[in-house]
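Got the sequence and the model open? Let's walk through a few things together.

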Amino acid sequence: MAPVVFYDGHCPFCNFWVRTLLKYDRKKVFLFAPLSGKTATSYFNSKGIEIPDSIVLMENNTHLLASQAVFEIFKNLNGFFRLGLLFQWLPLRFTDLLYYRVANNRFVFGKPYKSCFSPKPEYKKRFLE
């Protein structure tokens with residue numbers, strides 16, 4: 001199965017990044033699923049863990065959280081995203097701290113959506129419930 005990016009479907013900032021990934025993921029590597037959806041609930045229940053409140057990358061039945069997920073996503077993209085990989089050499093504690101600082105303030109960029117956004121028809125097949 002293709003790697004799945006779990007994201008906060010009610011967050012305008014998260015949705016901006018999902019739309020950006022859709023645009024720059026030219027190889028169509030990633031699938032997407034909201035953390036509040038059936039796919040996320042099923043996956044995390046099967047692992048016996050609580051659904052996290054950060055971006056999660058699930059690949060090969062394992063998952064990465066926060067900055068580790070971001071770095072792994074960047075590895076699959078080209079262009080200026082590759083510059084973000086320079087930060088992976090910093091201590092994980094620091095990059096996660098930076099990630100959570102942004103994540104905890106993500107609603108500064110807009111009020112939460114009442115429901116998940118609907119992708120354009122050409123992207124619908126890349127979204128899981």
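Here are some questions and answers about this predicted model.

Residues are numbered from 1 along each chain as its sequence is written, and side-chain values use heavy atoms, without hydrogens or water. As this is a predicted model, local features need pLDDT of at least 70 and side-chain atom pairs count only at pLDDT 80 or more, while totals for chains, interfaces and linings use all residues.

Q: Which element of the protein has the highest mean pLDDT?
A: pLDDT is the predictor's confidence in each residue, from 0 to 100, and the protein averages 88. Helices (H or I, at least four residues) and strands (E, at least two) are DSSP runs, numbered from the N terminus. Helix α1 (residues 12–24) has the lowest mean, 89, and the highest, 95, belongs to strand β1 (residues 4–7).

Q: Are helices α3 and α4 roughly parallel or roughly perpendicular?
A: Picture a line fitted to the C-alpha atoms of each helix over the stretch in contact, with angles from 0 to 180 degrees between N-to-C directions. The axes of α3 (residues 66–75) and α4 (residues 92–104) come within 7 Å and cross at roughly 95°. Angles under 35 degrees count as roughly parallel, over 145 as roughly antiparallel, 65 to 115 as roughly perpendicular and the rest as oblique. So α3 and α4 are roughly perpendicular.

Q: Which residues does Val70 contact, leaving aside neighbours within four places in sequence?
A: Val70 sits in helix α3, and contact means heavy atoms within 4.5 Å. Val70 is also one of the α3 residues that meet α4, where the partners include Tyr99. With those sequence neighbours set aside, the contacts of Val70 are Ile55 and Tyr99.

Q: How many disulfides does the structure hold?
A: A disulfide is a pair of cysteine sulfur atoms within 2.5 Å. For Cys11, the nearest cysteine sulfur is that of Cys14, 3.1 Å away, and Cys11 is in no disulfide. Cys14 is in no disulfide either. The count for the structure is 0.

Q: Is Lys75 buried or partly exposed?
A: Lys75 is in helix α3 and touches Arg82, Leu85 and Gln88, not counting residues up to four places away in sequence. Buried means under 20% relative accessible area, exposed over 50%, and partly exposed in between (1.4 Å probe, protein chains only). Because its relative accessibility is 37%, Lys75 counts as partly exposed.
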